[in-house]
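Morning, everyone. I have one model to walk through, and I'll keep it short.

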Amino acid sequence: MKKHILSSLIAILLLAGSAAVASEKPKVEIDAGFPGGNIIVVDIGKDVIQLKQDLRDTKGRWFYWSFRVRGAQGKTLEFQFDDKIISYLGPAISKDGGKTWAWLYNKTGNLPYSDVSSSFKYTFGKDDAEVFFSLSPSYTGKELNAFLEKHKTNPVLKTGTLCKTTKGRNAELFRITGQNPKSGFKVVLTARHHACESMANYALEGIIETILSDTPDGRWLREHADFLIVPFMDKDGVEDGDQGKNRKPHDHNRDYAKEIHPTVRAFKKQVTEWIDGRPAVLFDMHCPSEKGKTLFFFTEAAELNRKISDNVNRYCSILEAERKSPLYYKKSHNRIAKNSKTPALLKCNTWFMTLPETIAAMTLEIPYAFAADIGTTNGVAVTVDHARLFGKDMARSLRALLETQP
């Protein structure tokens, strides 16, 4: 009898324990353990998560962050930073492992501009077992490989390696060889001198897709130009989720005099040899500060090189007139490049201008989230598709510039 009662009690306790375990909600986990991840978790409260960006070897303040949340199904959580580093559109969000991204405040059309903020709330659906949040849509080697997969059967796109990085990774280099490489133009396309500037790669995709396309613009560009493309100048920083900007002792885009970074050394050597006396153009793709809401080019003062300045101005006039992307761009948005803060260093664009073959060199700044017309309070969201469309605008305008060169 006693054994029967004891067995019954044990069974009841086991059933109760099983029910308790079954009723427990998943524990919220937040991490940056994926390519491009960057976060420091300060505190996980019941409904409020306190975070800050990981600056690592960045000198001073910068604003990039990207993290993953697991186990928050059915919860509404507020994510608080101690810095205003969230755009007017909120965070970029992905529920499919980074394949697609949407802004939290998914607005379209003309948007009234507002400043950045330091917090956002998000309600997780019952099936939201894993959600990614980021300053802007991510772009790492995974996204690059997906892009290359779409074009793997195109014989004119040649993939290779620029060099080994400091951490032993392969820094990618692509070639699209023109039909007349000894008599045509040489065009250099670069991105991610600053690791966090991911929207630049989506615009770069648009340029490449146009060059590869079976369209009048694609065919003309392939017939008359030879392309060298480096998608990740700071490959290690891209994969590790670094800020990249203001990296100590200096970042990749300020390394064109000192050459402490392997990719910069290899890039300068290959480009100098590859141009081989032909007229050359550079597009160096960037993103501005987190508050930057205007799409613009950094250009050089006319007195530095009249020919380059004239070609850049002509290109920007063409782009303004021919733009089809929803992203605002006007030539009047452009800014003169200055090097006053780092006089002992040299940027990619400035170095490229020293090459005797250079006919145009530009640094594009495409906003992370919001593109507006200067002097107005309205703008449009910078989405992945919008950035790609702007890249297509850039490629079409490049053809118009080159075909009128003497």
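Start here: which residues does Phe-267 touch, not counting residues up to four places away in sequence? The answer is Leu-162, Val-188, Thr-190, Leu-228, Val-230, Met-233, Tyr-256, Cys-348 and Trp-351. Contact means heavy atoms within 4.5 Å.

A word on ground rules. This is a predicted model, where local features need pLDDT of at least 70 and side-chain atom pairs count only at pLDDT 80 or more, while totals for chains, interfaces and linings use all residues. Numbering runs from 1 along each chain as its sequence is written, and side-chain values use heavy atoms, with hydrogens and water left out.

Now the core. The largest nonpolar core has 118 residues. By nonpolar core I mean buried Ala, Val, Leu, Ile, Met, Phe, Trp, Tyr and Cys residues joined through side-chain atoms within 4.5 Å. Buried is under 20% relative accessible area, with a 1.4 Å probe and protein chains only. Phe-267 is among the residues with the most contacts inside this core, along with Phe-67 and Phe-79. H3 gives the most to this core: nine residues. Helices here are DSSP runs of H or I, at least four residues, and strands are E runs of at least two, numbered from the N terminus.

Stay with H3, residues 199-212. Its axis comes within 12 Å of the axis of H2, residues 141-150, and the two cross at roughly 15°. Axes are lines fitted to C-alpha atoms, for helices over the stretch in contact, with angles from 0 to 180 degrees between N-to-C directions. H2 and H3 are therefore roughly parallel, that is, under 35 degrees. H2 contributes Glu-143, Phe-147 and Lys-150 to the contact, and H3 contributes Tyr-202, Glu-205, Ile-208 and Glu-209.

Last stop: Phe-185, in strand E13, residues 185-191. Is Phe-185 buried or exposed? Buried, with a relative accessible area of 12%. Beyond four places in sequence, Phe-185 contacts His-224, Ala-225, Asp-226, Pro-279, Ile-359, Leu-402 and Gln-405. Met-285 is 100 residues from Phe-185 in sequence, and 19 Å away in space, C-alpha to C-alpha.

How values were computed
Angles under 35 degrees count as roughly parallel, over 145 as roughly antiparallel, 65 to 115 as roughly perpendicular and the rest as oblique. Buried means under 20% relative accessible area, exposed over 50%, partly exposed in between (1.4 Å probe, protein chains only).
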